[in-house]
Amino acid sequence: MEIKVLGPGCPKCAEAEKLMRDAVEEAGIEATIEKISDFQQIAKFGVFSTPAVVIDGQVKCVGKVPSKKEALAWLGK
Amino acid sequence: MQPGNPDNIDNPAATPQPAPPLAASVKVKYLLTALAGLALWYALYRQLAPFSSFFTYQLLGLAPESRLGEAIEFFVYDTPKVLMLLVLIVYAVGVLRSFFTPERTRKILAGKRESTGNVLAALLGIVTPFCSCSAVPLFIGFVTAGVPLGVTFSFLISAPMVNEIALVLLYGLLGWKVAALYLGTGLFIAIVAGWTIGRLKMERHIEDWVREMHINASDIPDERPTWIERFGQGKTAVRDIVGRVWIFVVLGIAVGAGIHGYVPEGFMASIMGKDAWWSVPAAVLVGIPMYSNAAGIVPVVEALLGKGAALGTVLAFMMSVIALSLPEIVILRKVLKPGLIAVFIGVVGTGIMLVGYLFNIII
């Protein structure tokens, strides 16, 4: 699974990244987590409110830090 | 708006999930809890003034009219008052904002003409959730969706300037008139500055890579939260915002209390009074590099006003601190060429100065 957290680097974006890392650990699955802070790349996903979470190329949420429950659901748990 | 009813702004491309209707008993329970909460809030709020005077003069035994006494009464009264107002309004705005996502705002503004678009953008800037670090992605999203440049700027100016924290503090510390003036003139500057930038036809001063970008945003899920989730968002907003700014409020009020008790009356009149014409531009210039939030600046502003500073000068200072911030300008440079940045600062700065002079003349 390929997880990308999009965000220029505000506290909320860092929070979203940490939450995804925790969720992956809790789910016990293999996944790469990448933080993307380049505006050009963020825009290419069609995302314009950050933080956003993209899993396997699909935008899962925008403009907020997801809840642990949501995150685990995306990871199939 | 009826609970459970779907809103009428809809995305035909996405398939929104309708909120499951709440059982009537749950709705009644929520309504009663909200009313009881409000009543309790109000009862407490009414006790603050008698309590602060009891605490200062009876419990601590300070002499009325003494400097220390005045400073302490100010602090003991204003701190809980402002924090209570903050919690109430941030909660209400948090729930309100669950109706306005940036995605939806973009859809409303795309294809709007200027003028109407400027007004709408400035108004939406108040209710759309916005954090200054999303200014750039938001700018790209708006411009690529065909929102005119001037309309985009109206949104970008209004969103940080007219914020709920500034309004709450102005209302709590200076009364509803000053709060209404701030709201009105803030909107006015956002509308006029955005319109002016649109007139100047500066589209070519957007960085090239932004203009060449084609974005398809239709696959982003359009969420329709339930009422329980909306109330949850209110709670999250309180935890986030009040948790972040309470320390600035307390510090700001402490500084304000110090000024209140110890700085002589009329002290500020010579520096920030009506007669010092240069004080308005100076206030704007000093405000740009200062990046405080409204929470810290308003209590200081209140104290300055009490010591003879002119309202227009003080409002100009506040607007400049909140709306023209150096970090935001630096980050906007990634999508705007220097010419447009300069015009943005110039137009907004001029607007703020005009407001400052206007109030100094009429009040």
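A salt bridge is taken here as a side-chain nitrogen of Lys or Arg within 4 Å of a carboxyl oxygen of Asp or Glu. By this criterion the predicted model holds ten salt bridges over all chains, and three of them, in chain B, are described in the views below.

**View 1. Glu114(B) is joined to Arg199(B) by a salt bridge.** Here the closest N and O atoms are 2.7 Å apart. Glu114(B) belongs to the loop between helix 4 (102–109) and helix 5 (116–127), whereas Arg199(B) is part of helix 9 (residues 176–199), so the pair ties together parts of chain B that are 85 residues apart in sequence. Glu114(B) is buried at 18% relative accessibility, while Arg199(B) is partly exposed at 44%.

**View 2. Asp208(B) and Lys337(B) meet through their side chains in a salt bridge.** The N to O distance is 3.3 Å, and the pair links distant parts of the chain, with Asp208(B) in helix 10 (residues 208–211) and Lys337(B) in the loop between helix 16 (326–332) and helix 17 (338–362), 129 residues apart. Asp208(B) is partly exposed, with a relative accessible area of 36%, and Lys337(B) is partly exposed at 23%.

Terms used. Residues numbered from 1 in each chain as written. Chains lettered and ligands numbered in written order. Predicted model: local features only at pLDDT ≥ 70, side-chain atom pairs only at ≥ 80, totals over all residues. Heavy atoms only, no water. Helix = DSSP H or I, 4+ residues; strand = E, 2+ residues; numbered from the N terminus. Buried < 20%, exposed > 50% of the residue type's maximum accessible area, 1.4 Å probe, protein only.
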